[in-house]
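The entries follow in the order in which I looked things up.

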Amino acid sequence: MARTTTTPPTTRPASPPRPRRGFGDFVKAFLAFVALAALVVGVPVALASVFGWPLPHEVPSLDVLRSEISVNTFIGALTVVVWLAWAQFTACVLVEVKAAVSGVGMPSRVPGAGASQALARQLVAAVLLLSAGAAGFAPGVGQLGEGPEQVRAPVAVSAQQSPGAEAGERAAAEAVRAQADAALKASGQAPRGSTKFYRIQPPEGRHHDSLWEIAERHLGDGRRYGEIYRLNKDREQPDGSKLSRASLIRPGWIMEMPGDARGGELVEMPASPKSPQTASPEVPDASGKLAEQIAQYDTSRTGANGSAASPGRLDDDTRQIAIPSRRPAKPSVPEVAAPAPAPAPAPAHEQPAAEASSFGLPEALLASPLLAAGLLAALGRRRRTALWQSAMAAGRARRGMEPPVPAGAAADAQDALLVGADPEAVAFLDRALRGLAAALAAAHRPLPVAYAAWLTEGELHIQLAQPSGEPPAPWRTGQDPTFWMITRPDAEAYETSGTTADAPAPYPGLVSFGTRESTGEGTRKDTGESTREGTGGDARLLLNLEALPGLVSLSGPAASRTAVLASVAAELATSGWADRMAVTLVGFGAELTALAPTRLRHLDDVEALLDTLGAESRQRAHALGNAGHDSVLTGRGSTAGRPTPWAPHLVLLATDPTEEEAAHLAQLAVDSGRLGIGYLVGTSHPDLPGATWQLEVTDRGRLLAPLLGLDLKAQLLPTAQREAVVELFSRTAPEDGIADSRPFLVDLTEQGRPAVYARLVGPYELIGPETTPDASRSPLLYEALALLLLHREGVHPRVLASALWPRGVTDDVRDALIARLGDWLGTDPDGTARLATDDTGRLTLAPSVVSDLDVLRSLHHEATAGRGAEDPRTRERLLTDALGLARGPLLADRTPGRYTWLTHEIVDAQLPLMVADVALSLAESRRERGRPERAVEALDTGLTTAPSDERLWNELLRALHALGDEPRLRAAVRDLASRSGPSGIPPRTEALLDELLPGWRGEVPASA
C-alpha cells in the first residue's frame, strides 16, 4: 500500500556526536610538541655543545687500534651511539609525519626502530590530534563506501530512497523532484536554494580545515561529513585543485553545504547574473569575485551538453561499483506518492540488534552471506563425515543412516543459513585473491600488504597499505593507486584457466565486519523486493586482521562487542578463502570451538595468552630470518604450488586487559603485521594503549570508526543465534537425532498406494497429478516438489524461494508459485490438501505424496530393523525391491543451472551409502544361498548409483574372482581404473588386486 512520506535530507544512526576537543587535548598536544622539539632539536644541540662533532676531523690511522682505551674513548663511543639513536628517532618522526599528512596508508617501518617508531607515532599523533592530519594515521577505508549512497541534489523537495526500494520508486522520486523544481522555477525561486556555500576559513592558528570539523561546526554532527564530501567531490576549487578524497581542506575553497547548515560565514547561492530579478532579498550580499567563483564552481554539476547531472548518480570514483543486491534483509519501503510530510517508521538498522528478526528467521544470519555460506559448507562436511563414519561402523544392523533433523531454534538457524548464504560470493572472493597471488608470483612480484576489502555483487576492491604499482591483469587500479579491483566475470577467467589450482590464499585474515547499505535500486533475495542487477545493493567491508598494525580495539556495550567477536570468530573458523590459520578466543566463545576444532582454541584469560604469545613471536621471527623472508606475507607469496607454513594467528579478546597486560600486548603488537599475528581487543575503554585502529559498536548494531570514515551495519552473531549454530554442529551424527523423531516411512501395503509418486533416484519422473502444468511453469513446479519431497519435515517458504531463485524474487511471485503448486497437487479424497502449512509456517506434503526415495528408505528400514531382521527370506525380498529402485544418481537428468540447492543437501551423500548398503547386504544374502551370479548382479546395480563406493568395487572383484571369470575381472579392473581419476585406485583396492590378479598393473593405462 502506497504511503506519502518525506524524509530529512540525511539518514544517520542515533549516535552521540563526537566530543569536542577540550583543554586537556591542547595540553597533551603542547607537551608532545615540547617533547618532540627536545628530542629532535635539543638532543643534537646538547651533544654538539658538550661533546662536539662526533666524526673525526681527519682520517684516523691504524695506531688508533693499538692505543689504550681511555675514559674519553669510551665516552666518545657512547656519544656516537646516542647520535645514531637520535638519527633513527628523527627518521621515525619524519616517516610518521609524512604518513600523517599524506593520508596514504600506514607509515613505512624503519628497520630496527620498533620502540622508537612507536614513541614517534604517539608524539606526532598527539601534536596532530588538533588537526585533520591525525586521520592520516589510518588509511581511508571508508572512501570506497561513500560511493553507494546517492548524491543528494540540493532541491527544495526530495524523496530519499532507502535500502531495498522498489524499482519504480526511483521514477516516482525523480517525478516528484522534477515537479518541485518546476514549481520553484515558476515562482521565481532557484531550485538550488536548499544548499548554501561556505568559504573556507580554518580555525585560528591553523592553515587547513577538515570535513569532520566543518560538519561538526555547521551541521552539529561530525558524522555528516560524508554529505559535504559528496556535494563537493571532484569540483575544481578557486586554486585549481580538487577535493578528490576526504582529507585536508585549504583556505579559500568554496564548499557547498546542506540546506540546514548554520553558523560561520555561510552565503546563499547567489542569483544568476542573467536573471537578477530572481534574487531573493534575504540572500546576503556576496562580493562579485565570490559570486563568480561560486557560479563557476556550480557549473561542474552540469554535463557537457548542459544537462544537469542525475541526482541519483554515484560518485565518479565509485560509479562503476555494482553494489550487491541480495542482502541484508530490509523491510519494504512504501512508494512515494507525494512530497507531503508523514512520519516514517524506524529503519531496520536503527532497531536494537537483539530484536532483529525477519519472518521468523534470525536476521543476524540472514544478513551475513559470507558467514552463512561458510557455516553451511562446514556443516555439510561435518554431516557427511559423520554419516559415512556411522555407516561404516554400523555393521550389518545398518542403523544410523538417517541424519538428525534440527528442531526449534536450531531449525530456524539452519533455514536462515540456507536463505542467507551466498556461496557464489565466497567462490568469487577466493578465486580472485588466489588468482592475484598466482599472477604476482608468475611476475616475480611480492604480495602487497592489504588492509581491507570491499565486496559487492559484481566487484572486489582491496585497499593496500601503500601504492604498489599497476596490478596484474585482469585486476586494475581502482579509485586511487591504493585500491586494486576486479570484476566477477574477470575473476571467473582464473577458474577456466586453472590459474588458482596451486595458488595459496594470500589474505586469509580477511573477515567481514559490516555492510554499508545502498540507497539505490536493488534486489533483496530474502525480502522479496524488486531488483535490477548491477544498479544497486550493499558493499561489505572485510578487514585483514593479520596485516593491520598494532592492536585493533572494539568498544561499545558488552553484549554488542561479544556479538561482533563471535561473528568474526565463526567466519574465520569456516572461511572459504583461507588455507590454514589459528584463532585464539580469550574470555569468550568456548562453545565456538565446536565449529572448527583445528582452527579455534579457547583461553580463559589474558595471562594465559601472554605466556604463549611471546614465545610464538620469537619463534616466528627466527623462522622468517632462517627462510630469508622479511614478513609472513612475503613467505606466503613464495610458496605457490606447495603447502605453506606461514599461517596467520589471530587473537580475539573479549575481556578488558589490565594496564600491565595492555602494555604487554601493545609491545607484542608492534611487529604483529610482519609476523602474521593479529589482535582484535574488545574493551570497555575506547582509548586502549597501543590501538592504532579504533572501532565502536553501538547497542543498535552500528559499527563506527570516525577516523576511518566508517558507519556500517555491523555483522553480529548474538547469543541466541550462536547457541543455535553450535547446536547444529554438535548434533551432526545420525545417532544424535531427536529421540522421538523417526524418518518418514511409507505404507508398503496395497492400501498405502500414493496419489502422487515421484521418481527422484535416476531420471526425474512424476506419476499421479490429475492436471499437467503449463510448460513455462512446470520446471519450477517440479523443482519445488523435489525440494519438498527431500524434506518431509517441512520447508520454510523463504528457503523454498532462496532455492528456486538464488538471485532473489518478490514475495508475490513466491506465493503465487506455492498456490499454483497446491492447486496442481490437489486434495485427498477426504478433502485434505496435499500441500499444507504446519504450526511453524513450513510447507509440508501429505503422506499421499511419495517419492521413490521414501520407498527406498522404508524398504531399507524394514529389512534392517523391521520384519527382515529376523526372517532371511523376507529380508532378501525387501532388499531386492529396494535395489530395484536404484536407477542412477539423484535427479540424474536435471537441467543445468537448476537444482543448485542440492550442494547443501545431505541426501546427496546419504543415497549412495544407502544403495551401497542394500547392494552389499543383498549380495551377501545371495552368496549364502548359493547364487553368486545374482550377487554380482546386485553389486553391478549398486554401482549405478554409488559408482565411487570402494566397498562395492572390492566385493565385485572378490565375487568375479570366486566365479573364476578372469575376462570379466580384467574388464572390471579397467573400468575401475577409468573411474578413479587423477587420484588413482585406492591403496586397499590395489593390495586386493595384487592378490587376486597379479600383473594387473601392466594392463591399466598409464594415464589412469
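Entry 1, salt bridges. I began with the count over this predicted model, and it comes to 38 salt bridges. From these I picked out arginine 807, which forms a salt bridge with glutamate 424, their closest N and O atoms lying 3.6 Å apart. I noted that this pair links distant parts of the chain, since arginine 807 sits in the loop between α22 (797-804) and α23 (811-825) while glutamate 424 belongs to helix α13 (residues 423-442), 383 residues apart.

Is glutamate 457 buried or exposed? I read a relative accessible area of 6% for glutamate 457, and because buried means under 20%, this residue counts as buried. For arginine 807 I noted 35% relative accessibility, which makes it partly exposed, and for glutamate 424 the value is 41%, again partly exposed.

I looked up aspartate 965, which forms a salt bridge with arginine 968, the closest N and O atoms being 3.4 Å apart. Arginine 968 has a relative accessible area of 31% and is partly exposed.

I turned to an open sheet of three strands, whose order is β23-β22-β26 and whose pairing is mixed. Which strands stand at its edges? I found β23 (765-767) and β26 (849-851) there, each with a single partner strand, so one side of each is left without a neighbour in the sheet. From one strand to the next, the twist averages 15°.

Strand β22 (residues 756-759) pairs with β23 in the antiparallel sense, over three bridges, and I marked tyrosine 757 as standing opposite isoleucine 767 in β23. Lastly I followed helix α24 (residues 852-865), which lies across β22 and β26 and runs at about 70° to β26.

Technical notes. Residues numbered from 1 in each chain as written. Predicted model: local features only at pLDDT ≥ 70, side-chain atom pairs only at ≥ 80, totals over all residues. Heavy atoms only, no water. Salt bridge = Lys/Arg side-chain N within 4 Å of Asp/Glu carboxyl O. Helix = DSSP H or I, 4+ residues; strand = E, 2+ residues; numbered from the N terminus. Buried < 20%, exposed > 50% of the residue type's maximum accessible area, 1.4 Å probe, protein only. Pairing = 2+ DSSP bridges. Axes fitted to C-alpha atoms, helices over the stretch in contact; angles between N-to-C directions. Contact = heavy atoms within 4.5 Å.
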